[in-house]
Amino acid sequence: MSFNEEDARGMKQPHNDPLVVMLTIEGFNTKRILVDNGSSVNIIYLPAFQQLRLDPGRLCPFDSSLVSFSEDRVYPKGIVTLTVTIGTYPRQLTRQLDFLLADYPSSYNVIIGRPTLNRWKAATSTYCLNVKFPTENGVDEVKGDQVLARECYQAVLAAKENHIWTIEEKEEDEDRDDHKS
């Protein structure tokens, strides 16, 4: 599997956009999925879990916290195994994958991390906004959606501007305001 300039055709360059794709989860075409080589887990956010009409009874306990890049601690509501399909017939993969359920604001529905990318033997290109993976019938690919990626990124920036933070961070912001007076 390799990438070349042909794979980047149609992408507005230069860019630093995240790799955002659509996959089939539990039989539903699910958009706003961030492919994150830096994530050590797969995550599904509560609104997506609810929109997929998943039974909360499928959740198994998960007793550890997640720590984000900004050092926020998130305590997942549990772990759930979901059926995920990538690619198009006959070059597709369907696998049972574990996701942590996070009740935390996000412009994404799902994050696909290294465990899944490794299981799929996938290669990613952020330059081409592309995921390639081998199947029994040859290599297939899923292209990223650059417009949707930019919309998700803008939503994250807007949330930060509106101070949607954890309680601790709001208190820190208030303390900073107190010191200005």
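Which residue takes a positive phi in the hairpin of E1 and E2? The legends below answer this question and then turn to other parts of the protein.

The structure is a predicted model, in which local features need pLDDT of at least 70 and side-chain atom pairs count only at pLDDT 80 or more, while totals for chains, interfaces and linings use all residues. Residues are numbered from 1 along each chain as its sequence is written, and side-chain values use heavy atoms, with hydrogens and water left out.

**View 1. The hairpin of strands E1 and E2.**
Glutamate 26 takes a positive phi near 50° in this hairpin, which has two residues between its strands. Helices (H or I, at least four residues) and strands (E, at least two) are DSSP runs, numbered from the N terminus. E1 and E2 run antiparallel and are joined by five bridges; two strands pair if DSSP finds at least two bridges between them. Isoleucine 25 has phenylalanine 28 in E2 as its bridge partner.

**View 2. Strand E2 and its parallel neighbour.**
E2 also runs parallel to E8, and three bridges join these two strands. Leucine 34 has isoleucine 111 in E8 as its bridge partner. Lysine 31 belongs to strand E2. In sequence, lysine 31 and asparagine 109 are 78 residues apart, yet their C-alpha atoms are 7.2 Å apart in space. When residues up to four places away in sequence are not counted, lysine 31 touches Val21, Met22, Asn109 and Leu148; contact means heavy atoms within 4.5 Å.

**View 3. The largest nonpolar core.**
This core has 29 residues, and those with the most contacts inside it are Leu23, Ile44, Ile86, Phe99, Ile112 and Trp120. At least two of its residues come from each of strand E1 (20-25), strand E2 (28-35), helix H1 (46-51), strand E6 (78-88), strand E7 (91-102), strand E8 (110-112) and strand E10 (130-135). A nonpolar core is a set of buried Ala, Val, Leu, Ile, Met, Phe, Trp, Tyr and Cys residues joined through side-chain atoms within 4.5 Å. Buried means under 20% relative accessible area, exposed over 50%, and partly exposed in between (1.4 Å probe, protein chains only).

**View 4. The surroundings of tryptophan 120.**
Leaving aside neighbours within four places in sequence, tryptophan 120 is in contact with Leu23, Val84, Ile86, Leu93, Arg95, Leu97, Ile112, Phe133 and Pro134.

**View 5. The hairpin of strands E10 and E11.**
Through two residues, a hairpin joins E10 to E11. E10 and strand E11 (residues 138-143) pair in the antiparallel sense over six bridges. Valine 131 stands opposite valine 142 in E11. Lysine 132 lies over the face of phenylalanine 3, at 4.9 Å from the ring centre. A charge sits over a ring if NZ of Lys or CZ of Arg is within 6 Å of the ring centre and within 35 degrees of the ring normal.

Most residues other than glycine have a negative phi, and most peptide bonds are trans. The peptide bond from glutamine 13 to proline 14 is cis, with omega near -10°, and proline 14 is found in the segment before E1. Tyrosine 89 and proline 90 are also joined by a cis peptide bond, with omega about 5°; proline 90 lies in the loop between E6 and E7. Arginine 53, which is not a glycine, has a positive phi of about 55°. Arginine 53 is found in the loop between H1 and strand E4 (66-67) and counts as exposed, at 71% relative accessibility. Lysine 121 has a positive phi near 55°. The loop between helix H2 (114-119) and strand E9 (123-125) holds lysine 121, which is exposed, with a relative accessible area of 61%.

**View 6. Two cysteines.**
Cysteine 128 is buried, with a relative accessible area of 2%, whereas cysteine 60 is partly exposed, with a relative accessible area of 43%. A search of the whole structure finds zero disulfides, a disulfide being a pair of cysteine sulfur atoms within 2.5 Å.
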